[in-house]
Amino acid sequence: MALRFKRTKESAGLLRRDDYRPPEWIVPDSALDIEIFADCFRVRATLDVARAEGSSAPLRLDGEGLRLLGLKIDGRPAAHKLDKTGLTVRIAADRARVETIVEAPLGSEQLGLFAQGGLVCTQCEPQGFRRITFFPDRPDVLSRFRTRITADAARFPILLGNGNADGAGALDGGRHWTAWDDSVPKPCYAFSVVAGDPAARRDRFVTRDGRNVELAIFSEAAEVPRSAHAMAALKAAMAWDEVNYGRVYDLDRYAIVAVPGYRFGAVEAKALNIFDSALLLGHPATSTDGELEAITALVGHEYFHNWSGNRVTIRDWFELALKEGLAVFRDQEFCAALGSPAAKRIQDVKALRAAQFVQDEGPGAHPVRPEQCETIADLYDATVYIKGAEVVRMLRTIAGPQAFGAGLDTFFARHDGTGATCDALIAAVAEHSPDRLETFDRWYANTGTPRITASLRQDGARAILTLVQDGSLPIPIGCALFGPDRKRAEKLVLLEAKRQDFVFEDVPGPLLLSINRTFSAPVQIECERTDTALHALALIDDDPVARWQALQDLAARAILGEAHTAAVIDAIARALDDHAQDPALAAEFAALPAQSRIADGLEAADPGAILRGWRAVQADIGRALAPRWRTFHAADGATGAGVRALRVLALQYLLAADVPDAGALALTDVEGSATLTERYGALRALADSDAAERPAALDLFYRRHRADPALLDKWFCAQALSLRPDTVSAAPRLLTHPDFSLAAPNRLGAIVGGFTANSGAFHHPSGRGYKFVTDVVLASDRIAPAGAARLARPLARWHRIEPVRAALMRAEVARIAGTAGISPELRKAVGAVQP
Ligand code: PHE
Ligand code: ZN
């Protein structure tokens, strides 16, 4: 065992993008006959293989954990070489029919074909297909798949495959079969099969060219009411993709299966997506609005992959951002169109900063198109996904929406049925917008968050904006100049050199600079702006993202004691007035910046000072605008998610202001509100407070929801997130609660993940927060190393914290690193070197 581990590790080494070679053999057609038994499966595969031009190599098929029962080439047994990772056959001809028969156990690792959540299902991305049958398991080999599935009819009445239904029938011995024809070539990672006895919600969608598509969402019978939201999202996504990208669905069926505990989130397998139930099923009574929006985004995301992923796939896994950046960009735009576009953009910017900018600062920084990796699984991260989406967004910004749209049409048409590259996407768009994209590919190669310094100089009626970058990227920066009362000039500039001047003519008078409007580039901007300037911009900037940023910057200064809270209050009040019609956006303006984001802006943050300042400013805003908070809170939450967001925020302010009846209002919401957003929002607000109603509210929520694991997780999380000073001792006590178990990863994440996100508690000056996290991490590393590594990551950020706390954090990192037998994942997460 030990020996084998060592050998695979050595031979694995690093995977490199440069090592890409085109396939020696392709597989235009594949037919799979899959027989499912109680604890194993058997696959007869018939592959029509063809030699690539100029190739003389033997045929190599990947395969792992498979027992080969038979092999024929063109109907005859053939000599072959079998090893741990596959099968090699010499074939003299340029074309051949390869038939294999394999058998394997239904695994428990959730790879290949396995049993999970009462179903038998698949996980093929990125390299699971090789655990189902021998095949060139690489994304640039696309094949037309025909699948036949056989299983016991009583246990597995439903047998699903990719593509259109192609027959079904009964067999002797209580077994039955279904057949599936997927006529559109796809990479094998987009293969899927599901067998079981799930219930279904069915619907249909008529495409713009008249195709009648049968839709189904499969889940446990009791969960069918909770799939309505996902079904509505699917239909909206199909319509949106037709209208906005001209992408029309290409088959007669589309199904999504909810698998409880599916480890991989969601996969875009062709016409048969598989989702973790928790990411697919939801209802306003049991899910927050944020969770429902995440379902909408994910259903859209996987649907959009039908074109950007399945039909046009990726050449190799280093090009992952091609499909993921495009799919995330498209799901962002889809959600923006369904709700408040400005609020959505602000939320996306917040997510980018929290997940990706932070990654760029640590040891995990890498380009959107990495040059190397240890395992392909490592590529699935915030940089590939979220920054990948920002890069696509900049491509649209620089090319303009029309050229971008035409470029995508070219891209889809040209690369349909093949594995493409990020460069091919740029090239397709550049054909319609030849200028200014010559160096755009640098965005895919560059590591880290670019820094730009901006300064504005006035010379009579001219203004000169000087931008300096620390790299050499083509960076689109939205800029505007405001006079005291109105906008004087606006342009989108493209910063291409290290340092560039941009001149605005005919703009006399005092000017305010509005920069990186719409968050046009994923960069950090450094720019001297007085409190007065920020305040003025926060009042008049007509780009909501830039206006929000000005207000956030001003609020951060007030929290740090560098600006007057009165200015913040004034700016919030004005933004609430101006955006009364868009409550989701109003709620973004009214919320204070997260404490962790304020800390990010400092060289060596003092989390204690930030917490005190944050609470003080919150209380001031609560008192000063109390009548508004009452009005917002009195609104009918049934009106929409934006109104609910404002209701919840209003409660937080009323509680922070110590308004006498605030606790009672919150308890009433915990007790009687129709939506989980309001009930849980009120619970969280109370959990932060000293209100007399706090224990009653916690008790009520617990008793009502203790049977629902996801809601019970939230109950734990609300306490771990509590801003009260006693959280540092209260959170560790949660681990002694009878409903806690170290072996339940979601519950552990709810408590410890909540705790580390709660900067006042985590960074308690005593260092008890760091100790608590370290203790838990070391205990859970033995059970779930990946989860433990995630929880430990905040400890590794000591270099950004003031020296006294930094020393305490380093001591805990050293304690982790010095513990014998910790997992490599954990070691990597805390940035400790290999011993
Ligand atoms: N491809 C999936 C997506 O849509 C995510 C995924 C990654 C699934 C890895 C399985 C394995 O983003
Ligand atoms: Zn994706």
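Biologist: What percentage of the residues of the protein chain count as buried?

Modeller: Keep in mind that this is a predicted model. A residue goes down as buried when 20 or more other C-beta atoms lie within 10 Å of its own. Over the 835 residues of the protein chain, the share that counts as buried is 50%.

Biologist: What radius of gyration does the protein chain have, and how does that sit with a compact globule?

Modeller: The C-alpha trace spans about 85 × 65 × 60 Å along its principal axes. For 835 residues, the rule for a compact globule gives a radius near 28 Å. The protein chain agrees with that, because its own value is 28 Å.

Biologist: Among contacts between residues at least 6 apart in sequence, what share joins residues at least 24 apart?

Modeller: The chain has 28 helices and 31 strands. Taking its contacts between residues at least 6 apart, the share that joins residues at least 24 apart is 67%.

Biologist: Which UniProt domain annotation covers residues 230-443?

Modeller: That span is 55% helix and 10% strand, and its end C-alpha atoms lie 34 Å apart. The name comes from an unreviewed UniProt entry, which gives "Peptidase M1 membrane alanine aminopeptidase".

Biologist: Which secondary-structure elements each supply at least two residues of the shell around ligand 1?

Modeller: The residues surrounding ligand 1 include E125, G265, A266, V267, H301, E302 and Y380. By class, the shell has four nonpolar, three polar and four charged residues. The elements that each supply at least two of its residues are strand 20 (266-267) and helix 3 (289-304).

Biologist: E125 is in that shell. Is the peptide bond from E125 to P126 cis or trans?

Modeller: P126 lies in the loop between strand 11 (119-123) and strand 12 (142-152). Omega from E125 to P126 is near -5°, and the bond is cis.

Biologist: Now for positive phi. Is R436 buried, exposed or partly exposed?

Modeller: R436 is not a glycine, yet its phi is near 70°. It is found in the loop between helix 8 (422-432) and helix 9 (442-445). R436 has 15 C-beta neighbours inside 10 Å, so it counts as partly exposed.

Biologist: And N516, is that one buried or exposed?

Modeller: N516 also isn't a glycine, and its phi is positive, about 55°. Its place is in the loop between strand 30 (512-515) and strand 31 (524-527). Because 24 other C-beta atoms lie within 10 Å, N516 is buried.

Notes: Residues numbered from 1 in each chain as written. Chains lettered and ligands numbered in written order. Predicted model: local features only at pLDDT ≥ 70, side-chain atom pairs only at ≥ 80, totals over all residues. Near = placed C-beta within 6 Å. Helix = DSSP H or I, 4+ residues; strand = E, 2+ residues; numbered from the N terminus. Nonpolar A, V, L, I, M, F, W, Y, C, P; charged D, E, K, R; others polar. Rg over C-alpha atoms; globule rule 2.2 N^0.38 Å. Buried ≥ 20, exposed ≤ 12 C-beta atoms within 10 Å, placed from the backbone. Contact = placed C-beta atoms within 7 Å. UniProt positions renumbered as here; feature names shortened; annotations may be inferred.
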